[in-house]
Amino acid sequence: MIDQNRLWDAAAARSYDTPGEGMFSDAVLKPTVRTLARLAAGGRAVEFAIGTGRVAIPLAGAGVEVHGIELSTAMIERLREKVGPERLPVVAGDMATASAGEGFSLTYLVFNTIANLLSQDEQVECFRNAARHLAPGGCFVIELWVPQLRALAPGRGGTVEVSEPGYLLVDTVDTLRQHLVSHHVRFDPNVTGSREASIARTPHRYIWPSELDLMARLAGFTLESRWADWSGAEFTGESASHVSVYRLPG
Ligand SMILES: C[S@@+](CC[C@H](N)C(=O)[O-])C[C@H]1O[C@@H](n2cnc3c(N)ncnc32)[C@H](O)[C@@H]1O
């Protein structure tokens with residue numbers, strides 16, 4: 001198994017937060033927190049792979065009791081610089097197996113992170129673990145990208161996802177194993193001919209929405225809603241991402 005603790009190390013944790021911008025902007029976080037608070041319905045929530053608390057901290061600020069599970073000690077340490085364990089308890093462990101308790105009304109796993117589990121078995125176990133955390137009638141919310149294999153030309157092994165001054169994002173795809181590795185290449189665009197660049201790689205196992213629904217069924221869930229984003233936009237065949245709400249029987 002790839003050591004996610006090594007991938008999400010001190011350097012990654014230090015540079016993860018971008019307050020007010022990108023994934024930390026109000027435009028992203030406000031609808032996310034509003035939707036999760038509504039789905040918590042007055043009960044407790046647990047975030048799998050809580051990271052540095054990007055979503056959990058504002059959700060707790062909105063009055064929801066939030067707990068977390070996180071594998072990377074560096075990410076937990078960064079979260080602890082912002083909030084103490086009495087306000088936001090976090091269990092160090094693997095979201096496919098670790099327990100933060102039971103009786104929650106909401107489990108959530110956002111920002112494509114179920115794909116950080118690199119086998120189908122681990123992804124199914126993650127659904128089962130979400131179910132173990134929930135009270136009857138509780139829900140599991142997943143935010144995940146839709147694999148964009150139409151962008152892959154026949155015979156080619158990858159795509160350039162972003163190309164801008166100082167940054168290239170190249171995804172390589174292994175369609176047999178359903179694996180995708182993102183290569184983040186950063187360099188100084190002002191130094192012509194420079195040989196200096198940094199590269200970070202993150203491996204994923206991508207999942208089709210229909211496969212995700214089957215994993216949910218194996219764990220006792222049914223699909224309640226699927227939106228294209230946190231504001232509830234309609235999910236269509238062209239949607240690049242989805243927010244899916246799975247519910248246990250009441
Ligand atoms: C893209 S970040 C998302 C963090 C946070 N959920 C957010 O939305 O900002 C992915 C996180 O997943 C964590 N992670 C990866 N594999 C994990 C696993 N098997 N169990 C728990 N956490 C894991 C990483 O350490 C990292 O903090």
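Helices (H or I, at least four residues) and strands (E, at least two) are DSSP runs, numbered from the N terminus. The model is predicted: local features need pLDDT of at least 70, side-chain atom pairs count only at pLDDT 80 or more, and totals for chains, interfaces and linings use all residues. Residues are numbered from 1 along each chain as its sequence is written, and side-chain values use heavy atoms, with hydrogens and water left out.

View 1. Ala41 lies in the loop that runs between helix H3 (26-40) and strand E1 (45-48). Its phi is near 50°, a positive value in a residue other than glycine. Ala41 has 66% relative accessibility and therefore counts as exposed (buried means under 20% relative accessible area, exposed over 50%, partly exposed in between, with a 1.4 Å probe and protein chains only). Phe111 belongs to the loop between strand E4 (104-109) and helix H6 (120-133). This residue is not a glycine either, and its phi is positive, about 55°. With a relative accessible area of 31%, Phe111 is partly exposed. Most residues other than glycine have a negative phi.

**View 2. The open sheet of 7 strands.** The strand order is E3-E2-E1-E4-E5-E11-E10, and the pairing is mixed (two strands pair if DSSP finds at least two bridges between them). Strand E3 (90-92) and E10 stand at the edges with a single partner strand each, so one side of each is left without a neighbour in the sheet. Direction ignored, neighbouring strands of this sheet are turned by 20° against each other on average (axes are lines fitted to C-alpha atoms, for helices over the stretch in contact, and angles run from 0 to 180 degrees between N-to-C directions).

**View 3. Strand E11 and its two partners.** Of the 7 residues of strand E11 (residues 241-247), 5 are buried, so the strand is largely enclosed by the rest of the structure. Strand E5 (residues 134-145) pairs with E11 in the antiparallel sense over 7 bridges. Trp145 has Ser241 as its bridge partner in E11. Strand E10 (residues 222-227) also pairs with E11 in the antiparallel sense, over 5 bridges. Here Trp227 has Val243 as its bridge partner in E11, and Thr222 stands opposite Arg247 in E11. In a regular strand the side chains alternate between the two faces of the sheet.

**View 4. Phe235 in the loop between E10 and E11.** Phe235 is placed in the loop that links E10 and E11. At 26% relative accessibility, this residue counts as partly exposed. Phe235 and Ser225 are 10 residues apart in sequence, and their C-alpha atoms are 9.6 Å apart in space.

**View 5. The open sheet of 4 strands.** The order is E6-E7-E8-E9, with antiparallel pairing. Strand E6 (158-164) and strand E9 (197-205) form the edges, each with a single partner strand, so one side of each is left without a neighbour in the sheet. From one strand to the next the twist averages 15°. Strand E7 (residues 167-174) and strand E8 (residues 179-187) run antiparallel and are joined by 8 bridges. Asp171 stands opposite Ser182 in E8. Arg201 is found in strand E9 and counts as exposed, at 55% relative accessibility. The C-alpha atoms of Arg201 and Asp171 are separated by 9.4 Å, with the two residues 30 apart along the chain.

View 6. Among the 20 residues around the ligand, Tyr16, Glu47, Ala49, Arg54 and Glu70 come nearest (a residue is near a molecule or strand if one of its heavy atoms lies within 4 Å of it). The shell divides into 10 nonpolar, 6 polar and 4 charged residues (Ala, Val, Leu, Ile, Met, Phe, Trp, Tyr, Cys and Pro count as nonpolar, Asp, Glu, Lys and Arg as charged, and the others, Gly among them, as polar). A nitrogen atom of the ligand lies 2.7 Å from a backbone N or O atom of Ala49. An oxygen atom of the ligand lies 2.9 Å from a polar side-chain atom of Arg54. The side chain of Asp94 has an N or O atom 3.0 Å from a nitrogen atom of the ligand. Taken alone the ligand exposes 590 Å², of which the protein buries 98% (accessible areas come from the Shrake-Rupley method with a 1.4 Å probe; for residues, only the protein chains shown count as cover).

**View 7. Thr52 and Asp17.** Thr52 is placed in the loop between E1 and helix H4 (56-61). At 0% relative accessibility, Thr52 counts as buried. Its side chain makes a polar contact of 2.6 Å with the side chain of Asp17 (a polar contact is a pair of N or O atoms within 3.5 Å; within protein, one must be able to donate a hydrogen and the other to accept it, and residues adjacent in sequence count only if both atoms are side-chain atoms).
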